[in-house]
Amino acid sequence: MVNVLSKQGLIKIFIDPGHGGKDPGAVGNGLLEKDLTLKIAKRVKELLAAYEDVEVKMSRTGDTYPTLSERAKTANVWGADFFLSIHINSASKTSTGYEDYIYTKASAKSKEYQKIIHAEIMKKIKEYGVRDRGLQTGNLQVLRTTNMPALLTENLYISNPDEAAILKKAAFIEDVAQGHVNGIVTAFDLKKKKADDKEYHTVVKGDTVTKIAKKYGTTIVKIKSWNKLDDKYTVRIEQNLRVK
Ligand SMILES: [Zn+2]
């Protein structure tokens, strides 16, 4: 019997770094929310590049301000499978923790993804002593006006000096980004790209580059360049040649 795996096709993840440009978002303890959200979002995008069949689009990649309706519209027009908005919280000096939001009338899929992603993010950031504020719902514009499952994460309080100190750590940005990625990977069952598609051949007596190229369905020019061979295509017995 043969197991036929149905291919789910390309998963489109839309990442929305909160605020930007003229809108700094929350400001506190020497930090701007718009800078942190962009840093985390860019890292999420980079880390997702290690997975197969996933495409990422961002609402902004620099210090610009797309309006909230532009952000939602871009994701809707693109046909995103998931909308992820990244924010930093702000309230008092003593407010603490991580929380995330789905729309008050969110779909079952949004609820499912929130549970998964929330758990994965907490797993990565609890070592910093971050309090879990739980799964929230809210009537937030980007969640209400996007046509696909959508989540908005609030990553610690910029207004709290202790949490601002954590937000200043590169290791925390890496971990919180990895948490978002782990959540998306689990929610959408993404598979890691194969690390290495290269193939090698050990030269035996009688081998020539022409023969080897023919055997592996490649060209002598490619083999020459991969292995930095001389113009006479000299190879020696036992040499490990890259052939793919
Ligand atoms: Zn915000």
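Buried means under 20% relative accessible area, exposed means over 50%, and partly exposed lies in between (1.4 Å probe, protein chains only). This is a predicted model, where local features need pLDDT of at least 70, side-chain atom pairs count only at pLDDT 80 or more, and totals for chains, interfaces and linings use all residues. Residues are numbered from 1 along each chain as its sequence is written, and side-chain values use heavy atoms, leaving out hydrogens and water.

**Salt bridges**

A salt bridge is a side-chain nitrogen of Lys or Arg within 4 Å of a carboxyl oxygen of Asp or Glu. The structure holds 12 of them.

| Pair | N to O distance |
|---|---|
| Glu46 and Arg43 | 2.6 Å |
| Arg133 and Glu99 | 3.0 Å |
| Glu199 and Lys244 | 3.7 Å |

Glu199 sits in the loop between α6 (170-188) and β9 (200-202), and Lys244 in the segment after β10 (240-242), so this pair ties together parts 45 residues apart in sequence. Helices (H or I, at least four residues) and strands (E, at least two) are DSSP runs, numbered from the N terminus. Glu199 is partly exposed, at 32% relative accessibility. Lys244 is partly exposed too, at 49%. Shared partners join Arg43, Glu46 and Glu174 into one salt-bridge network.

**Helix α2**

Which residues of helix α2 (residues 68-78) are buried? They are Arg71, Ala72, Ala75 and Trp78. Lys73 and Val77 are exposed on the face turned away from the buried side. Just after α2, Gly79 takes a positive phi of about 80 degrees.
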